[in-house]
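I opened a new notebook page for this structure.

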Amino acid sequence: MSEGKHRRPRDLVDAIIAEQRKKDRTDVLGSYTGVPWDEWEEPVQDADDL
């Protein structure tokens with residue numbers, strides 16, 4: 001087997017990372033997705049996230 005078969009396709013990995021970084025209007029604090037609207041804020045988990 002060639003080494004190339006064991007490597008992940010770069011385009012697929014980049015697409016997955018880009019999708020994960022998208023902001024979600026239903027998760028404004030970022031507690032579920034880990035991506036808050038304000039990029040400098042830490043995600044906050046509150047009572048309705050439990």
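The entries below follow that order.

**Ground rules.** I am working on a predicted model, where local features need pLDDT of at least 70, side-chain atom pairs count only at pLDDT 80 or more, and totals for chains, interfaces and linings use all residues. Residues are numbered from 1 along each chain as its sequence is written, and side-chain values use heavy atoms, with hydrogens and water left out.

**Fold.** I looked up the secondary structure and found one helix and zero strands. Helices (H or I, at least four residues) and strands (E, at least two) are DSSP runs, numbered from the N terminus. Helix H1 covers 10-20.

**Burial and surface.** I checked burial next: of the 50 residues, 10% count as buried. Buried means under 20% relative accessible area, exposed over 50%, and partly exposed in between (1.4 Å probe, protein chains only). The protein exposes about 5,000 Å². Carbon and sulfur atoms supply 51% of that area. Areas come from the Shrake-Rupley method with a 1.4 Å probe; for residues, only the protein chains shown count as cover.

**Nonpolar patch.** I found a nonpolar surface patch of about 310 Å², made by Val28, Leu29, Trp37 and Val44. Patches take residues with over 30% relative accessible area and no salt bridge; like charges are joined within 9 Å, and nonpolar side chains (Val, Leu, Ile, Met, Phe, Trp, Tyr) within 5 Å. Val44 lies in the segment after H1. Val44 counts as partly exposed because its relative accessibility is 36%.

**Salt bridges.** How many salt bridges are there by this rule? I count a side-chain nitrogen of Lys or Arg within 4 Å of a carboxyl oxygen of Asp or Glu. The count comes to two.

- Asp14 pairs with Arg10, the closest N and O atoms being 3.9 Å apart. The two are four residues apart in helix H1, so about one helical turn separates them. Asp14 is partly exposed at 37% relative accessibility, while Arg10 is exposed at 59%.
- Glu19 and Lys22 meet through their side chains at 3.1 Å, N to O. Lys22 is partly exposed, with 49% relative accessibility.

**Asp27.** I then went to Asp27, in the segment after H1. Which side chain of opposite charge is nearest to Asp27? The answer is Lys23, 11 Å away. Asp27 is buried yet has no salt bridge. For charge, Lys and Arg count as positive and Asp and Glu as negative; His and the chain ends are not counted. Leaving aside neighbours within four places in sequence, Asp27 is in contact (heavy atoms within 4.5 Å) with Tyr32, Thr33, Gly34 and Val35.

Thr26 is exposed, with a relative accessible area of 73%. A polar contact of 2.8 Å joins the side chains of Thr26 and Asp24. The rule is a pair of N or O atoms within 3.5 Å; within protein, one must be able to donate a hydrogen and the other to accept it, and residues adjacent in sequence count only if both atoms are side-chain atoms. Arg21 is in the segment after H1, and is exposed at 59% relative accessibility. Arg21 and Thr33 are twelve residues apart in sequence and 8.5 Å apart in space, C-alpha to C-alpha.
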